[in-house]
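Reader: I am new to reading protein models and would like to go through one slowly. Could we take it question by question?

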Amino acid sequence: MSLSSMIKPLTISLSLGALFLASCKPGAESAKPPIHPNPNMDSQEKYRAQSESPFFDDGRTMRPEIAETVPYGKLVQDPAIRDGKNEKGEYITSAPDFKATGWKKSYAEYLERGQERYEIYCTPCHGSLGDGVGMVAKRGFAGVANLLLPDYAKMSDGLLYSAIKNGSRSKIMLPYAVQIPDLADRWAIVEYIRVLQKAAATEEYKSLSSKEAK
């Protein structure tokens, strides 16, 4: 084959290759749907979150946890960390070390996490300072606990943890185990509440509270 006879097919091949590469330019906009050369499982029929399912009697696609089961990798056998109780079933006085709860970062970040979770889940009722005057209480919900009172300051860490997980003994506060599923988060909240209580016991706080009351 002569060189001249090879130039034409080679030119056509290079042109088509350049056109193909240009069409694959990242970020290029097109009104056409993207080409999916291997649809596989991406386009199969499936249920989406919050959708209905005729398969289950309750019609829910999202299935609740099965009673007496633990998700893989989430088993915690120490009752002190899991339930806030010792082997005798008594509430532990002091919270476990923050590293034992599964927290991998520093104590300062643990405390920040506790503050963040507290402000999300506890502030609406207990207030940002823990004094029981959150927005829910201001709008008339009675019985919100003032966590700064001596009775709560003396409460064991285990009982405080249990109130978060299982709800208060008075039944006014409902369980938050679903909303706060991570054990480290619950213990971090307990730790942050202790910080609020210690701050409220200072003379500086009492002085500020007295001025605000006037």
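Reader: Is leucine 16 buried or exposed?

Author: This is a predicted model, and the answer rests on the relative accessible area computed from it. A residue counts as exposed when that area is over 50%. Leucine 16 has a relative accessible area of 54%, and therefore leucine 16 is exposed.

Reader: Which residues form a nonpolar patch on the surface with about 320 Å² of accessible area together?

Author: Leucine 16, which lies in helix α1, spanning residues 3-23, is one of the members of this patch. Together the members have about 320 Å² of accessible area, and they are Ile12, Leu16 and Leu19.

Reader: What share of the 214 residues in the protein chain is buried?

Author: To count as buried, a residue must have under 20% relative accessible area. Among the 214 residues of the protein chain, the buried share is 25%.

Reader: Why does glutamine 197 count as buried?

Author: Glutamine 197 is found in helix α8, which covers residues 183-200. The cut-off for a buried residue is under 20% relative accessible area. Glutamine 197 counts as buried because its relative accessibility is 9%.

Reader: Which residue's side chain makes a polar contact with the side chain of glutamine 197?

Author: Leaving aside the neighbours within four places in sequence, glutamine 197 is in contact with Leu147, Leu148, Tyr152 and Ala153. The polar contact between side chains, at 2.8 Å, is made with arginine 194.

Reader: How many disulfides does the structure hold?

Author: A disulfide is a covalent bond between the sulfur atoms of two cysteines. To be counted here, the two sulfur atoms must lie within 2.5 Å of each other. The sulfur of cysteine 125 is 8.7 Å from the closest cysteine sulfur, in cysteine 122, which is too far for a bond. The number of disulfides in the structure is 0.

Reader: Is cysteine 125 buried, exposed or partly exposed?

Author: Partly exposed residues fall between the buried limit of under 20% and the exposed limit of over 50%. Cysteine 122, at 12% relative accessibility, counts as buried. Cysteine 125 has a relative accessibility of 24%, so cysteine 125 counts as partly exposed.

Key: Residues are numbered from 1 along each chain as its sequence is written. This is a predicted model: local features need pLDDT of at least 70, side-chain atom pairs count only at pLDDT 80 or more; totals for chains, interfaces and linings use all residues. Side-chain values use heavy atoms; hydrogens and water are left out. Patches are made of residues with over 30% relative accessible area and no salt bridge: like charges are joined within 9 Å, nonpolar side chains (Val, Leu, Ile, Met, Phe, Trp, Tyr) within 5 Å. Accessible areas come from the Shrake-Rupley method with a 1.4 Å probe; for residues, only the protein chains shown count as cover. A salt bridge is a side-chain nitrogen of Lys or Arg within 4 Å of a carboxyl oxygen of Asp or Glu. Helices (H or I, at least four residues) and strands (E, at least two) are DSSP runs, numbered from the N terminus. Buried means under 20% relative accessible area, exposed over 50%, partly exposed in between (1.4 Å probe, protein chains only). A polar contact is a pair of N or O atoms within 3.5 Å; within protein, one must be able to donate a hydrogen and the other to accept it, and residues adjacent in sequence count only if both atoms are side-chain atoms. Contact means heavy atoms within 4.5 Å.
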